[in-house]
Amino acid sequence: MSKLTNAGTFALGHRTVNRMGYGAMQLAGPGVFGPPKDPTAALAVLREAVASGVNHIDTSDFYGPHVTNRLIREALHPYPDDLVIVTKVGALRGADASWNPAQSPTELVSAVHDNLRNLGVDALDVVNLRVMGNVHAPSEGSIEPQFTALAELQQRGLIRHLGLSNVTATQLAEARGIAEVVCVQNHYNLAHREDDALIAELGRAGIAYVPFFPLGGFTPLQSDTLSDVARRLGFTPLQVALAWLLARAPNILLIPGTSSLAHFRENLAAATIRLDGDALVELATIGAHA
């Protein structure tokens with residue numbers, strides 16, 4: 001039995017996926033730009049992920065750019081029948097590795113075709129519209145033109161399901177008035193808890209919530225409380241932080257990313273951790289004032 005089955009499953013569109021998935025962003029070079037330092041190792045991580053039971057991989061053609069999708073295709077194509085690949089559109093990379101908005105309908109259509117070509121598929125499983133608010137937080141503003149453009153591609157059969165990234169509850173409601181939304185990907189972790197109410201709203205609607213930066217992002221989570229709980233349970237702090245997310249709500253799907261087989265295996269082991277009541281109470285204090 002795969003370790004992943006301990007974490008349970010949840011619906012992602014018309015498919016059911018294991019709640020512990022994998023994020024491919026870190027397979028690109030430093031700063032998510034250019035090729036990986038060790039392409040062989042990157043391919044090995046992808047293949048071990050799928051062999052371990054991961055059936056939800058998160059990517060984007062602006063990672064690299066084009067790098068992670070081409071690695072996924074090389075490592076895994078033809079894809080297993082149960083594998084769901086979720087990509088996102090809404091940004092372009094500059095020659096200086098900058099992250100630039102690409103939000104016009106024309107740019108979004110072009111990005112979808114880039115993803116189709118580089119992943120080697122006729123239709124994308126899920127496409128998230130990445131709204132370019134702040135780096136780590138959404139900002140209000142209509143997303144009707146962007147989401148409508150993606151909904152039209154869905155109607156043409158190029159996209160199976162649609163999702164959102166870096167959005168507010170108001171933007172979610174606007175998008176749901178245009179087409180079905182199967183997932184929301186926002187910044188959330190043990191110390192960054194602004195989306196507590198949104199997670200509950202999505203859970204009632206049967207919509208998956210996928211936290212990005214589940215381990216703190218470019219500055220890893222650091223907390224004496226987290227370290228104390230991890231020491232008592234015999235796991236690393238980051239493993240416990242992932243386990244807390246799995247315990248937080250049944251509609252949370254995790255996509256921790258790494259380019260290291262050792263770190264991938266550590267992340268996978270978080271699916272086996274059962275946090276007792278005392279641990280949950282202690283850990284909740286970390287984000288109590290977020």
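Strands are DSSP runs of E with at least two residues, and helices are runs of H or I with at least four, numbered from the N terminus.

Basis. This is a predicted model, in which local features need pLDDT of at least 70 and side-chain atom pairs pLDDT 80 or more, while totals for chains, interfaces and linings use all residues. Residues are numbered from 1 along each chain as its sequence is written, and side-chain values use heavy atoms, without hydrogens and water.

I found β1 paired with β2 (residues 15-18) in the antiparallel sense over four bridges; strands pair if DSSP finds at least two bridges between them. T9 has N18 of β2 as its bridge partner. Two residues lie between the strands of this hairpin, and G13 in the turn has a positive phi of about 70 degrees.

I traced an open sheet of seven strands with parallel pairing, in the order β3-β4-β5-β8-β9-β10-β11. β3 (22-23) and β11 (208-209) stand at the edges with a single partner strand each, so one side of each lacks a neighbour in the sheet. Within the sheet, β9 (residues 159-165) and β10 (residues 183-185) pair in the parallel sense over three bridges, and L164 has V184 of β10 as its bridge partner.
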